[in-house]
Amino acid sequence: ALMNKNANNLISITIPTYNRAPFLDACLEYHIPLARKHNVKIFISDNASDDHTQEVVKRRCAEYALISYIRNQDNLGADANFEQALKLADTEYVWLLGDTYTIPEKGLDYLVNLLTSRSVVYDLIVFNWKNRVKDAMSQDYADPNKILSDIGWHMTCLSTLVYRADMLRVCNFKSYLDTYFIQTGIIFDYISSHEHLIHWNRDISVETLFIDGVKKNTWAKYRFEIWFERWPKFIFSLPPVFLLSSKIKAIKDHGVKSKAFSIKNLLMMRFNNGLNLSVCKKYRYIMPLTISHSRVLIFLFISILPIVFIKFFKWLFRK
């Protein structure tokens, strides 16, 4: 338990992690000075890591007293660990932070100032990531369809989300376990049946943490399953207060605005045999909702493109 009487009870940071000791170490090294500035608590939920995560945390705890750590005996799955991480925090607001992301210093300053002003009570604060959202101006949202339509696609990024604890206490976590989108589902489920106020700031961006020579374990191999299957299924499962037009726009916007399926990325997937005819056939009906390129292009150019040409394109992109 954190006993420091000077601890900030307004905002804390919670980090779910699993087998990413080097990234967690770098993440803590970066964030401890920011947290110390405002006496912000840091909670860590370790999903049964079998690397040297425990040693990293022990060393960082000696450096900063406001770190609290829990290690699961068994791997709960990513969504359940996100839930546990959010519920560890005992502050009024909690910033859910992935271990491969960094909060800008001005972001934490801005958040503390925003929440201490007490002019209004926000249920959620959303920040940008790598400045990828360009067409939605900073504003407050009280209309569930407008926020789903404007930035719903962006709110899949967990590290951009700051939750009010009172909201989390009544959120429907159970319905969104194992969807890959529990961090987003609980928000839209909540705003579908509660009055709410969500603050969106386009101008402050979370960034991605990179370590030279260390590769990040990603869900890249599940890219098609997640964005062609689970993402549409998740969006269409949202409560009926959300209009079909808003749902379709959220699905489409992710494919287009995240650039996850840019021509360059599709070529790289083809090179790694992640994109082939069987994938195209499997998802041929959902493709028009999730990707901006024509199916003819995907089928005839990318999915059957000889690997030798892909190698050439890969070399070309490196130039």
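These questions and answers work through labels used for this predicted model.

Q: Why is Ile13 called buried?
A: The relative accessible area of Ile13 is 2%. Buried means under 20%. Ile13 is therefore buried.

Q: Where is Ile13, and what does Ile13 touch?
A: Ile13 is in strand E1 (residues 11-17). Leaving aside residues up to four places away in sequence, Ile13 touches Val40, Lys41, Ile42, Phe43, Trp95, Leu97 and Ile103.

Q: Why are H5 and H9 called roughly parallel?
A: The axes of helix H5 (residues 144-151) and helix H9 (residues 244-257) cross at roughly 20°. Angles under 35 degrees count as roughly parallel. H5 and H9 are therefore roughly parallel to each other. Their axes come within 7 Å, and the crossing is left-handed.

Q: Which residues make the contact between H5 and H9?
A: H5 supplies Asn145, Leu148 and Ser149. H9 supplies Ser246, Lys247, Lys249, Ala250 and Asp253.

Q: What makes up this contact by class?
A: The contact of H5 with H9 has two nonpolar, three polar and three charged residues.

Q: Which members of the largest nonpolar core touch the most other members?
A: Trp95 and Tyr163 do, in a core of 97 residues. Helix H1 (residues 21-38) gives the most to this core, with eight residues.

Q: Which residues of helix H10 are buried?
A: In H10 (residues 263-271), Leu266, Leu267, Met268, Met269 and Arg270 are buried. Just after H10, Asn273 takes a positive phi of about 60°.

Terms used. Residues numbered from 1 in each chain as written. Predicted model: local features only at pLDDT ≥ 70, side-chain atom pairs only at ≥ 80, totals over all residues. Heavy atoms only, no water. Core = buried A, V, L, I, M, F, W, Y, C linked by side-chain atoms within 4.5 Å. Buried < 20%, exposed > 50% of the residue type's maximum accessible area, 1.4 Å probe, protein only. Helix = DSSP H or I, 4+ residues; strand = E, 2+ residues; numbered from the N terminus. Axes fitted to C-alpha atoms, helices over the stretch in contact; angles between N-to-C directions. Parallel < 35°, antiparallel > 145°, perpendicular 65-115°, else oblique. Left-handed = near helix turned anticlockwise from the far one by under 90°. Contact = heavy atoms within 4.5 Å. Nonpolar A, V, L, I, M, F, W, Y, C, P; charged D, E, K, R; others polar.
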